[in-house]
Amino acid sequence: GEEIDSLQKSHGFNMQKLKNSELRLTEAKQKMRELALNIKMKEELIKELVRTGKDAQSVSQQYSLKITKLEQELKQAKMELAETQKRLQELESKDLRDIPEKAKLQKEFQKKMDAAKLKVQRQATELEQIVAQMKHQQTQLQRSLCEESEKKKQLEAEIQRDQQQIKVGFFLFLYHKE
């Protein structure tokens, strides 16, 4: 009778251990699912941060192209201005018999020169504005890149922690299973 009693107690104790073990297993699985989901979300966020960085690079390239184009136009306008000034000086040094013709040409060249000067001024102003915008944008991007970089570091640390927790949970599970 005592043996049966002892066996029943042992059986009851083992059944309780099994129940506890199954409970821990369920908890561990749940935790692993949560951590896996957490890691996936954080990895997506990191991908998004990388994408943001590439967008910033693209904007910077577009500005560079615009500036290069404007600089070329400015150079062209300055060349036109110099050419017009040269022709006006040539005209003034020439001894033209036809005074009305000379006056007409001088007026024409003066108009061209004024237009060229205005073009140069406008392009220079536009360039200055673009450079100012770029500097402002660069400051903002720098700030957001620093913030994103910090977030990325934190996320990577969290992911590392989560993965460590998964390993620990798994080993605990294996340990308790035995």
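Student: Is Asp162 buried or exposed, and how should I read its accessibility?

Tutor: The general idea is that a residue under 20% relative accessible area is called buried, and in this predicted model Asp162, at 7% relative accessibility, therefore falls in the buried class.

Student: Where in the secondary structure is Asp162 found, and which residues does Asp162 touch beyond those up to four places away in sequence?

Tutor: Asp162 belongs to helix H2, which runs over residues 99–177, and, when residues up to four places away in sequence are not counted, Asp162 touches Leu35, Asn38, Ile39 and Lys42. With one of these, Lys42, the side chain of Asp162 also makes a polar contact, side chain to side chain, at 3.3 Å.

Student: How many helices and strands does the protein have?

Tutor: There are two helices and zero strands. The radius of gyration is 39 Å, well over the 16 Å that the globule rule gives for 178 residues, so the protein is more spread out than a compact globule.

Student: What share of the residues counts as buried, and what share of the contacts with a separation of 6 or more comes from residues 24 or more positions apart?

Tutor: Of the 178 residues, 17% count as buried, and Asp162 is one that does. As for the contacts with a separation of 6 or more, 85% of them are accounted for by residues 24 or more positions apart.

Student: How should I read the surface and the charges, and how far apart do the centres of the positive and negative sets lie?

Tutor: The protein exposes about 14500 Å², of which carbon and sulfur atoms supply 54%. Its side chains include 36 positive and 30 negative ones, and the centres of these two sets lie 4 Å apart.

Student: What is the corresponding picture for Val168?

Tutor: Val168 is found in helix H2 and is partly exposed, with a relative accessible area of 44%. The C-alpha atoms of Val168 and Asp5 are separated by 38 Å, the two residues being 163 residues apart along the chain.

Methods: Residues are numbered from 1 along each chain as its sequence is written. This is a predicted model: local features need pLDDT of at least 70, side-chain atom pairs count only at pLDDT 80 or more; totals for chains, interfaces and linings use all residues. Side-chain values use heavy atoms; hydrogens and water are left out. Helices (H or I, at least four residues) and strands (E, at least two) are DSSP runs, numbered from the N terminus. The radius of gyration is taken over C-alpha atoms; the globule rule is 2.2 Å times the number of residues to the power 0.38. Buried means under 20% relative accessible area, exposed over 50%, partly exposed in between (1.4 Å probe, protein chains only). Contact means heavy atoms within 4.5 Å. Accessible areas come from the Shrake-Rupley method with a 1.4 Å probe; for residues, only the protein chains shown count as cover. Lys and Arg count as positive and Asp and Glu as negative; His and the chain ends are not counted. The place of a charge is taken as NZ of Lys, CZ of Arg, CG of Asp or CD of Glu. A polar contact is a pair of N or O atoms within 3.5 Å; within protein, one must be able to donate a hydrogen and the other to accept it, and residues adjacent in sequence count only if both atoms are side-chain atoms.
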